[in-house]
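Open the model in a viewer and keep the selection panel at hand. The stops below say what to select next and what is there.

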Number of protein chains: 2
Amino acid sequence: MPAYSYVSHLYCPKCSKTYSINEPHNLCVCGSPLLTAYDLDSLNVQYQKSSLRDRAPTLWRYHELLPVKKEENIVSMGEGMTPILPMKKLAEELDIKQLTMKDEGLTPTGSFKSRGAAVGVSKAKELGIKEIAMPTNGNAGAAWSLYAARASITSHIVMPVDAPIVTRKECAAAGADLHLVNGLISDAGKIVARSVEKYGWFDVSTLKEPYRIEGKKTMGFEIAEQLQWKLPDVILYPTGGGVGLIGIYKAFKELMELGWILSSKMPRLVAVQAEECAPIVEAYKQGKTSSEFWPESRTAAFGINVPKALGDFLVLEAIYETGGCAVAIDDARILKEQRHVTRTEGTFICPEGAALFSAVRELREDRWIKPNDSVLCLNTGMGIKYPETIEANASVLKPGDTL
Amino acid sequence: MPAYSYVSHLYCPKCSKTYSINEPHNLCVCGSPLLTAYDLDSLNVQYQKSSLRDRAPTLWRYHELLPVKKEENIVSMGEGMTPILPMKKLAEELDIKQLTMKDEGLTPTGSFKSRGAAVGVSKAKELGIKEIAMPTNGNAGAAWSLYAARASITSHIVMPVDAPIVTRKECAAAGADLHLVNGLISDAGKIVARSVEKYGWFDVSTLKEPYRIEGKKTMGFEIAEQLQWKLPDVILYPTGGGVGLIGIYKAFKELMELGWILSSKMPRLVAVQAEECAPIVEAYKQGKTSSEFWPESRTAAFGINVPKALGDFLVLEAIYETGGCAVAIDDARILKEQRHVTRTEGTFICPEGAALFSAVRELREDRWIKPNDSVLCLNTGMGIKYPETIEANASVLKPGDTL
């Protein structure tokens, strides 16, 4: 009988040390994030692509390639299989043959963070974890506290006071133990690090917890399946912690190993950052394999306000290996692009997603993107999570008025 | 070759007069809303249930039973096939065998209004309409203005000043011509009525436009398909204009006529309203077939603040024909239930959706719902569209602190 999951073990991408999948782990003893390995050889024989056909449109359709061993531990709110939308008017404007957007707004918490939370919380439940703690720029904390509530797991969340107010409300609604910090996500991270030490909670910070990336990876699986296993030429991704980009890259490698991908090449992966917080872009420009802490970072695209990502070396590896690049866009352009994309295509995207279209514009002008390229932008969440980015001026009428 | 749509004509449910599907129509000359008819006999022969199997998870999988004749006119942002979630902890608490929630939060505009807008705007495009106008309590205006933007159709939106601020932002982001009114949706409706007369815009007010209901109807199709064509015993729906409830009822009747439904009975349909705006509940209590205007209506569940629905007689017919009922819940209970459902199940639902769970509670206590009933609540949108309903108190830490 085929297994529900073909997960095998955790391994360190830096020092290659391995760890068991059956007990809680954070970082490798060498300080690196851990990645999840699967027994792809066994899977290859037993698993049929066609078995996907009758499965529900959630990320759990890929359960063989996810780390949760028993179906009963799944904590789901219907996440995954978000649509890939043609952006025809923008494609024409930018002179690109095929421009699409995968819209992660259509998820239980309105952002792609639902994926990591669904898989991370499910695995935490499987491992018997009762309390989790994390720093967040807002959306991840919202997603993890809501999924934790569904799993009856207690969550302790620390976010910057400047994080989007809506995400604060989500944590409160979920009944999380919510705290704010006068500082950045890196400051929140230090508070969490000290607190987990003190109380013995499980630390689910970005990449300190190994399974969030497995959830994000499903974006890659879906892109492949939805495009009939032919990958786009270019994928752009708004990069803060970079877990989604690392995950998509990991997904494509796994699918290639399974022989499911019909394209011969990896898509060129593009990390897009804000000009006021661009450590990955700076490292890329200098040809480095890791980034430096970015002092006094700030941006309206709050989700990518990450001054130093723990997985920076993995993001840069994915960029270099695929012939991709890294681009920074300033806030004024991001907010202008958000309005333009929404008015043109009707898709009310978040500022992080808007940065991608400015990047496409720039890369097209530089001829790095060619007219015949197929280009996919990964919009990470809904615009309504950032109402403060939109002005809504309107006249106030009396009941007897006419327009 | 099978047709893309088997739409036949429009008809009046009051006086039976028919109208062409190929030109714009609003109400019947008798003042009643118009409904859409399909050539189900032709469809029955050619259409196979199994053809759904390989279609994308959007509401357009039911295109044969939708009014858009040509695929090229479809204006889509990936709407439909929202998940039906088990609510296990609440089911146990309420002593119900099977309690589920269809979550319409997972849609392009965060509410079920996406469905009506997608089908309504697509049909408007097919009919060559260039400018639309509508009154709204917020979510419908947001959805229609975003879909209109995608279709390059100009939208004129009038909403109460008290409507949720997020929906105002959505209209502005879409580039709609947005106006506020010091009054209720009924006042906004009168302003729109005068304005469409003056400028010749197409009036897409609830049920004055015949195709919104066809979009909403797909919730019924999905419930049937997702539950393997076995319908639940009870479906609860938050009722303002009531289009969703009418639509679900219409969907089940069409599927029964096609012979696809395996259940012998219709689900009992329950209209849930707020106590401070309960015209349908009042009419139901008195056994009437239409409702009276509800003066000075107000509720935190803003989407159901509709003092008099144009389709009230259709809602009441659906309730009576299915052996359903109508229940009113006060605001304090609605907001308490919203917090309880979110903390218990992790689903951050809107106040309108929360009212349903209070209604289940009440109907279970009254033994109207039996322990063996399968009960489905239709949550119409995301809680994040109403951030003002949640308090988020949190301590503010300094970077050096510990929890």
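Predicted model: local features only at pLDDT ≥ 70, side-chain atom pairs only at ≥ 80, totals over all residues.

Which residues of chain A does UniProt list for "domain: Tryptophan synthase beta chain-like PALP"? The unreviewed entry gives residues 75–381 of chain A.

Show chain A and chain B together. A rotation of 180° with 0.0 Å of shift along its axis places chain B on chain A, with an RMSD of 0.0 Å. That is the relation of a two-fold axis. To find the axis from chain B, select Leu106(B), whose C-alpha, at 2.4 Å, comes closest to it among the residues of that chain.

**The interface**

Next, select the residues of each chain that touch the other. In chain B 70 residues are in contact with 70 residues of chain A. Of the interface residues of chain B, 100% are also interface residues in chain A, so the copies meet through the same surface. The two chains bury about 5900 Å² between them, and 61% of this is on carbon and sulfur atoms. Colour Arg150(B), Lys169(B) and Leu403(B): these supply 13% of the area that chain B buries against chain A, more than any other three residues.

Now turn to the polar side of the interface. Between chain B and chain A, 38 residue pairs are in polar contact. Elements of chain B that each supply at least two residues to the side touching chain A include α4 (139–150), α5 (165–173) and α11 (331–345). Four salt bridges are found across the interface. For a salt bridge between the chains, select Arg53(B) and Asp54(A), whose side chains meet at 2.5 Å, N to O.

Select Thr109(B), in the loop between β5 (98–103) and α3 (113–126) of chain B. Is this residue, Thr109(B), buried or exposed? Thr109(B) is buried, at a relative accessible area of 1%. Beyond residues up to four places away in sequence, Thr109(B) touches Met382(A) from the other chain, and in chain B its contacts include Glu170(B) and Lys385(B).

Move to chain A and select Glu170(A), which is found in helix α5 (residues 165–173). The relative accessible area of Glu170(A) is 1%, so this residue is buried. Its side chain and that of Lys385(A) are joined by a polar contact of 2.8 Å. With neighbours within four places in sequence left aside, the contacts of Glu170(A) include Thr109(A), Lys385(A), Phe348(B) and Ile384(B).

**Helix α10 of chain B**

Select residues 312–322 of chain B. Eight of the 11 residues in this helix, α10, are buried, so the helix is largely enclosed by the rest of the structure. Among the buried residues are Phe313(B), Leu314(B), Val315(B) and Leu316(B). What do the buried residues of α10(B) pack against? Show β3 (35–38), α8 (243–258), β11 (268–274), α9 (279–285) and β12 (325–329) of chain B. Just after the helix, Gly323(B) has a positive phi of about 70°.

**Leu227(B)**

Select Leu227(B), in the loop between α7 (212–226) and β10 (234–238) of chain B. Leu227(B) is partly exposed, with a relative accessible area of 21%. Its contacts, apart from neighbours within four places in sequence, are Ile84(B), Glu222(B), Pro232(B) and Leu376(B).

**Salt bridges within the chains**

Side chains of opposite charge can pair when their charged atoms come close. Over all chains the count is 44 salt bridges.

- Select Asp312(A) and Lys308(A): their closest N and O atoms are 2.6 Å apart. Asp312(A) is buried at 3% relative accessibility, whereas Lys308(A) is partly exposed at 37%.
- Select Asp203(B) and Lys208(B): the closest N and O atoms of this salt bridge are 3.9 Å apart. Asp203(B) is buried at 7%, and Lys208(B) is partly exposed at 22%.
- Select Glu337(B) and Arg361(B), a salt bridge with its closest N and O atoms 2.7 Å apart. The pair links helix α11 to helix α12 (residues 351–365) of chain B, across 24 residues of sequence. Glu337(B) is buried, with a relative accessible area of 6%.
- Finish with Lys102(A), Glu104(A), Arg115(A) and Glu222(A), which salt bridges with shared partners join into one network.

Note on methods:
Residues numbered from 1 in each chain as written. Chains lettered and ligands numbered in written order. Heavy atoms only, no water. UniProt positions renumbered as here; feature names shortened; annotations may be inferred. Helix = DSSP H or I, 4+ residues; strand = E, 2+ residues; numbered from the N terminus. Buried < 20%, exposed > 50% of the residue type's maximum accessible area, 1.4 Å probe, protein only. Contact = heavy atoms within 4.5 Å. Least-squares fit on C-alpha atoms with pLDDT ≥ 70 in both. Buried area = accessible area lost by both parts, 1.4 Å probe. Polar contact = N/O pair within 3.5 Å; in protein donor to acceptor, adjacent residues only side chain to side chain.
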